[in-house]
Amino acid sequence: MEISMRDLLTVMHGMGFGALFMLAFSGAIGELYGAWSATPQATPDPRSQTMLRVYLAGMVALAWLTVVSGAYIVYPWYRAIPPAGLADLSGYPQKFLMSSPHTIGWHSLGMEWKEHVAWIAPIAMTMVAYVYWKYGRGVNKHRGMRRAVLIFTAAAFIATGVAGAFGAFLNKYAPVRGGETIQLIKGE
Amino acid sequence: MANTNTSSSTKDLPNGSGMAAILAAGIGCAVLGLFSFLGDAFKGIGQFFIFYRPTGPLSGVTISTIVIWLAAWYVLAKRWDGRNVVVERVSLIAFGLLAVGLLFTFPPFMDLLQGK
C-alpha cells in the first residue's frame, strides 16, 4: 500500500486539518449558544469555561493550519505550469480542468471561490476565540456582542463548508499527485 | 463611535475590546474580498500580489489581508480597551464588512463587476 508525498500532504490538509475543523463546528456552535443562552446571573462552571476556551483555541489552530497548508503547500502543486506541448495534463490539475468545457467550472468557480473564501474562517474564529477567552459567559451581559460573535461563527462555518466541499470535488476530478512514494504497508 | 458608559457596573468588563475584535474581523473579511477582486480584475495588481511565486497572487492577497486585519485590531483595541462602545452601530458595520468579504470572494459576483 503506497501513497505519494503530495497525496499524503493533501489528505493532511483536507482531512487532517480541514475536516477536523469542520467537525468541531457542531460542538462550538452548540457550546457557545448554550453557554451564552444561560441567564447572566447563572453561576459559570469554571471547568467547562476552560474546556471551551481550549476547544476554541484548538479550532483556531486547525483553521490556520488548514488555510496555510492549502495555500502554501497544496495550491502550488495544483497550479503548476506544464511544459509546452505536453498532451497528458493529469499531473497539472488546474490546466487539466481548464482544458475541457466540461470541467473548467471546477476551477473557475470551485477553486477560485475556495481559495479566497476559506480565509474568512480563521479570521472569524480567531475573533470568536478571543472574545470567549476574554469574556467567557460574561458576554451574556452584552447581547449585541453575543449576536455578532454567533453570526461570525455561522459565516466561518459557511466559508469552511464551501471550501471543504469544493476541495473534495476538486480532488476527485483533478487530484494532486506526484512526489516521493511512501510505502505504508508491504504487500504479501 | 466610542462613548463612556457610566451606568454599567464596574464589575462588568467593558465591551470595547470585544467589539474591537469584531470590527477588526469585519475589516479583515472586507479587505480579503476587495484584494481578491482587485488581484483578479487588474493584471498589474495581480502581479503586485505575487509575494511567493508558487502560490501566485493569493500569497499577497492573504498576507496583506492578515497584516491589515491585525493592524486594525491593534489600533481599535488601543482606542477602545476599557471603554464601552455603541454595540449596535459597530455590529452593523462589522456585518456589512463581512458581507463585502463574502460577496467579493464569490467568483460570479467578481465576474459581474468585470463585465465578464
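Let me start with helix α1 of chain B, which has 26 residues and reaches 37 Å from its first C-alpha to its last, close to the 38 Å expected at 1.5 Å a residue. Please keep in mind throughout that this is a predicted model. The helix is mostly covered, in that 23 of the 26 residues of α1(B) are buried.

One residue of this helix that I would like to look at is Ser36(B), which is found in α1 of chain B. Is Ser36(B) buried or exposed? With 28 other C-beta atoms within 10 Å, Ser36(B) is buried, because the count for a buried residue has to be 20 or more. If we set aside the neighbours within four places in sequence, Ser36(B) is in contact with Val61(B), Phe104(B) and Thr105(B), and also with His116(A) from the other chain. Of these, Thr105(B) is 69 residues away from Ser36(B) along the chain, and yet the two C-alpha atoms are separated by 6.5 Å.

That brings me to the contact between the chains, which takes 32 residues from chain A and 32 residues from chain B. On the side of chain B that touches chain A, the elements that give two or more residues are α1 (16-41), α3 (57-80) and α4 (87-104). Which of them gives the most to that side? The answer is α1(B), with ten residues. By class, the residues on this side of chain B divide into 18 nonpolar, twelve polar and two charged.

Now to the pairs of helices across the contact, where, as a reminder, two packed helices are described by the angle between their axes and the distance between the axes. For the pair of α5 (residues 120-135) of chain A and α1(B), the axes come within 9 Å and cross at roughly 180 degrees, which means that α5(A) is roughly antiparallel to α1(B). On the α5(A) side the residues that meet α1(B) include Ile120(A), Ile123(A), Met127(A) and Val131(A), and on the α1(B) side they include Ala21(B), Ile22(B), Ala25(B) and Leu32(B). The residues of this contact of α5(A) with α1(B) divide into twelve nonpolar, three polar and one charged.

The other pair is α6 (residues 143-173) of chain A with α4(B), whose axes come within 10 Å and cross at roughly 10 degrees, so α6(A) is roughly parallel to α4(B). Among the residues that make this contact are Met145(A), Arg147(A), Ile151(A) and Phe152(A) of α6(A), together with Glu88(B), Phe95(B), Leu98(B) and Leu102(B) of α4(B). By class, the contact of α6(A) with α4(B) has ten nonpolar, two polar and two charged residues.

Asn171(A) counts as partly exposed, because it has 19 C-beta neighbours inside 10 Å, whereas a buried residue needs 20 or more. Beyond the neighbours within four places in sequence, Asn171(A) is in contact with Thr10(A), Gly14(A) and Val176(A). Pro93(A), which is 78 residues apart from Asn171(A) in sequence, is 8.8 Å apart from it in space, C-alpha to C-alpha.

Finally, a word on α2 (residues 46-78) of chain A, a helix of 33 residues that reaches 46 Å from its first C-alpha to its last, close to the 48 Å expected at 1.5 Å a residue. Where in α2(A) is the kink centred? The kink, of about 40 degrees, is centred on Gly70(A).

Technical notes. Residues numbered from 1 in each chain as written. Chains lettered and ligands numbered in written order. Predicted model: local features only at pLDDT ≥ 70, side-chain atom pairs only at ≥ 80, totals over all residues. Contact = placed C-beta atoms within 7 Å. Helix = DSSP H or I, 4+ residues; strand = E, 2+ residues; numbered from the N terminus. Nonpolar A, V, L, I, M, F, W, Y, C, P; charged D, E, K, R; others polar. Expected span 1.5 Å × (residues − 1). Bend = angle between axes of the 7 residues up to and from the residue. Axes fitted to C-alpha atoms, helices over the stretch in contact; angles between N-to-C directions. Parallel < 35°, antiparallel > 145°, perpendicular 65-115°, else oblique. Buried ≥ 20, exposed ≤ 12 C-beta atoms within 10 Å, placed from the backbone.
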